[in-house]
Number of protein chains: 2
Amino acid sequence: MPNTKNEHISKLKHLLSEIAHLTSALEMLQWDKEINMPKKSAEMRAQHISYLSGLIHHKTVSLNQGGLLTRLERALDKGKLSPNDKALVSEVLRDFKREQKLPQAFVEELSHETALAYGAWQQARESNDFSKFTKPLERIVELERKQAKFLGYTNSPYDALLDIYEPGMTVAELDILFFELRDSLVSLLKRIQKSKYKVDYSTLKGSFDLQRQMKFNKWLSGRVGFDLETGRLDTATHPSTITINPADVRITTRYQEDDVLNAISSTLHEAGHGMYEQGLLLEHFGTPLGTSISLGIHESQSKLWENLVGRSKAFWKYFFPKLQKEFGKPFSKLSFTESYEAYNMVKPSLIRVDADEVTYNLHIIIRYEIEKALIEGSIEVKDLPSIWNDKVKEYLGIKVPNNRLGVLQDIHWSHGLFGYFPTYTLGNLYSAQIYVAAKRDILDLEKEISKGHFEHLREWLRKRIHMHGKKYSAEKLIKKVTGEKLNSSYFTDYLEEKYKEIYRLS
Amino acid sequence: MPNTKNEHISKLKHLLSEIAHLTSALEMLQWDKEINMPKKSAEMRAQHISYLSGLIHHKTVSLNQGGLLTRLERALDKGKLSPNDKALVSEVLRDFKREQKLPQAFVEELSHETALAYGAWQQARESNDFSKFTKPLERIVELERKQAKFLGYTNSPYDALLDIYEPGMTVAELDILFFELRDSLVSLLKRIQKSKYKVDYSTLKGSFDLQRQMKFNKWLSGRVGFDLETGRLDTATHPSTITINPADVRITTRYQEDDVLNAISSTLHEAGHGMYEQGLLLEHFGTPLGTSISLGIHESQSKLWENLVGRSKAFWKYFFPKLQKEFGKPFSKLSFTESYEAYNMVKPSLIRVDADEVTYNLHIIIRYEIEKALIEGSIEVKDLPSIWNDKVKEYLGIKVPNNRLGVLQDIHWSHGLFGYFPTYTLGNLYSAQIYVAAKRDILDLEKEISKGHFEHLREWLRKRIHMHGKKYSAEKLIKKVTGEKLNSSYFTDYLEEKYKEIYRLS
């Protein structure tokens, strides 16, 4: 065991780098599994992945061997660490202590039960029969409540789960944010639906060669600032971002033959995630200072590029002529305004992942309200379908025809992901607030964007957000970047202004 | 530490499986580096690879912790192990003891010096200046001699190095095999060169769409029995076979726009390697019983498919019409015999990797004679260019215009690979002897091949060779499969018969 404070820090960094290299190898195996793995290699691949995951877990829970973390915590408490080392040590301690609180037997039970629940969910969904999922989900909810107890909380047990994905966020804060947001969205949606002015997304459909789409999306991802020399864009059923390391970030998108804009919004979304990962500093690779802050902040980066930029008038000015030139029909027959408005059509729908900017967060709020109530014990699993359907009727104004298109649509709960959904909406809220700050800081940002100059925005995000890793908490970062704490009004103001114009609202 | 013999075996298998999973991850990183890695990720990738290599090394040298191997060696010596366990333990012990013999400081020095030598070799080659490589190569030779001393030997120090790549092979045996072979090849080559009958490979050249070539090679690899559901074929500058595990074997080939047969022979070669790897049993994954025997036996599988099958008349009967149909010109204008003979043209050339079946092994024998003499200390590095050029003149009858096309052409020595070259020729000798046995065992094999039925041969190879892993030594295996020990006459008889007909020799 080393003796001085600096030696302890070096030792910690060394141990973290070992975990990081193993994680890179694991991510490589995961990426390849989606993209390149031969058909019949799944069983063996699962074994490699399981071994590496176990080894990473073992190395993580062994970080305190020889009392390394205990000594560093003492130095932290005594205020003896530099700002960077302080962030390093306190973030490592946070994760380490959380791990320590969960007994091994519990972790194994949860893993076992979620494996079963995932299978049950698939069957329930296929046969459109919620009852097949009731018992397994009850077990998961019970275990998640247990987990909250192990992790500890002051007010709601849901706080403990939320903290896993969005450190520092609480039910108290979310309730206020989401309550205001829900009312505002429901009211905006009603006004839009009452409007006599209609726009129609289907006018954007056509027939688009897949190879051509791929080339175009690759070009676009690079154009907005995703670095294709330290990253890749590939095709996958479920678009995602996988980071081997900040110099090797791999995003995927999916293509539809009849809808070129579907791939484009998904590419912009993943490019946003990807640029965050590429913006982390290599010198902090493997340490909290080289790691993204939270799922919410991550999602803010994807939503910013997908929506705030990608669905804006400014972007459309730059982008629509390219679209016309590259694909011709139907764009060649549409005006700028027709196409811009069609791309931004608002229409309540049953499936979260298909939702527009206005209704998307109502889908999330439904899930938030339900999972919070489940964890707090105020509703029961068996009543989920009717609760779900009532909420969809109330907030979105539509009837759920069956559970497959309702409560059974998402994979999350079967995986034990409670406390995860809210980060999607937090991403939207962060993104709007951040974008207002960007417009304040960057001269004529929208004009720049309309000319295809994305580099100022990208650099601003890199310097303000990406490069700091976990040096600041989400709460501190948002204050530092925007001057105030998270506030849903930026997002609702953005929607109000945009959709008032599109739908000619009074 | 477990107590019973079976517990020791289980423990050993468990430790080996850990090493195997890490090796799979390492191979995945290596494969991706060649095929998919973004341009600027090389530096970080090297760090991942270096960490994993170090971890694998550490786990390998730690196999005897708690005296596990010592106990198993005792059980082995007492004859207490089953045949499979006997092979398992003795092969693990062989590798382990070899590792143990090399002091850590020596391994690090060799690794350091080869890194330097590789750079020097690149520069020497680029500037066509052997003197830039003299000193580094002298250091490597010195270290290789040291290595031979550490490893131990009875007769030649070169035996110790040979044993790394072809366990059990010795200078005494090679000298006989290669002496007979060299005389036979030199004499055959002279007769061919004297023949008035000429064949011309250049008649096979044309212009071949690369996408079409790729599709065709993929089809061909699957056709001969490389399983594309447990493997892949991709494109790379240097064709190779990378094994993630026997259910995920990845081969690469390279394409030339003007020469479709170049890719085809390289695909058949790698498919041969690939089928060996796919034929190993998954149940023995990570243990010697799930690992190929030697480089020579491995090369026998690639040469068998590339040459014995791929350049045979029988194969050509099946294949030539496909080639004509798929690519048209120039094949549509050539007869069966013209094209078959052109594909088998014999012409001495300067570069080993471009050589034909007759001259290829003369290139290897030159390298063998030189590296053996270097290790035994009978020649000096500074004299290599003139020794090289003299041998090329003597065996191949051609003049070496410069060192770049001569002694500087191969990467091997700069990497410290002494004792490796002979395995290429051993592969050719094994392949001919094995193929005669296959023709004896399989009814009408050549007729089968001419009809495109490769499955009997593939299955025969799988059952006779692939599935046994290292259960038998190369020497035992070849006796078991062919009924006698390795003998160069099968190969020389094969060449004699084939080229006598092609070149109308008396």
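Helices and strands here are DSSP runs, numbered from the N terminus: helices are H or I runs of at least four residues, and strands are E runs of at least two. This is a predicted model, in which local features need pLDDT of at least 70 and side-chain atom pairs count only at pLDDT 80 or more, while totals for chains, interfaces and linings use all residues. Residues are numbered from 1 along each chain as its sequence is written, chains are lettered from A and ligands numbered from 1 in the order in which they are written, and side-chain values use heavy atoms, with hydrogens and water left out.

**Before you start: confidence**

The mean for chain A is 96, and 100% of its residues reach 70 or more. For the complex, the predictor gives an ipTM of 0.91 and a pTM of 0.92.

**Stop 1: two cis peptide bonds**

Select Lys329(A) and Pro330(A) and look at the peptide bond from one to the other: it is cis, with omega near 0°. Pro330(A) sits in the loop between helix H12 (313-327) and helix H13 (336-343) of chain A.

Now move to chain B and select Lys329(B) and Pro330(B), which are joined by a cis peptide bond with omega about 0°. You will find Pro330(B) in the loop between helix H12 (313-327) and helix H13 (336-343) of chain B.

**Stop 2: positive phi angles**

Next, select Asn128(A), in the loop between helix H5 (104-126) and helix H6 (131-151) of chain A. Its phi is near 55°, a positive value in a residue other than glycine. Is Asn128(A) buried or partly exposed? Buried means under 20% relative accessible area, exposed means over 50%, and partly exposed lies in between (1.4 Å probe, protein chains only). Asn128(A) counts as partly exposed because its relative accessibility is 31%.

Then go to Asp444(B), in the loop between helix H16 (422-441) and helix H17 (445-450) of chain B. Asp444(B) is not a glycine, yet it has a positive phi of about 50°. With 46% relative accessibility, Asp444(B) counts as partly exposed.

**Stop 3: salt bridges**

Side chains of opposite charge can pair when their charged atoms come close. A salt bridge here is a side-chain nitrogen of Lys or Arg within 4 Å of a carboxyl oxygen of Asp or Glu. How many salt bridges does a search of the whole structure find? Over all chains, there are 70.

Start with Asp234(A) and Arg232(A), whose closest N and O atoms are 2.8 Å apart in a salt bridge. Both Asp234(A) and Arg232(A) are buried.

Now select Glu341(A) and Arg504(A), a salt bridge with its closest N and O atoms 2.5 Å apart. Glu341(A) lies in helix H13 of chain A and Arg504(A) in the segment after helix H20 (489-502) of chain A, so this pair ties together parts that are 163 residues apart in sequence. Glu341(A) counts as buried, at 6% relative accessibility, whereas Arg504(A) is partly exposed, with a relative accessible area of 46%.

Then pick Arg352(A) and Asp410(A), whose side chains meet in a salt bridge (3.1 Å, N to O). The pair links distant parts of the chain, 58 residues apart: Arg352(A) is in the loop between H13 and helix H14 (360-376) of chain A, and Asp410(A) is in the loop between helix H15 (384-396) and helix H16 (422-441) of chain A. Arg352(A) and Asp410(A) are buried.

To finish this stop, select Asp32(A), Arg45(A), Asp248(B) and Arg250(B) together; salt bridges that share partners join them into one network.

**Stop 4: two distances to draw**

Select Ile478(A), in helix H19 (residues 474-482) of chain A. Ile478(A) counts as buried, at 2% relative accessibility. Draw a line from its C-alpha atom to that of Ala342(A), 136 residues apart along the chain: the separation is 33 Å.

Tyr51(A) counts as buried, at 14% relative accessibility. The C-alpha atoms of Tyr51(A) and Leu384(A), 333 residues apart along the chain, are separated by 37 Å.

Notes: pLDDT is the predictor's confidence in each residue, from 0 to 100.
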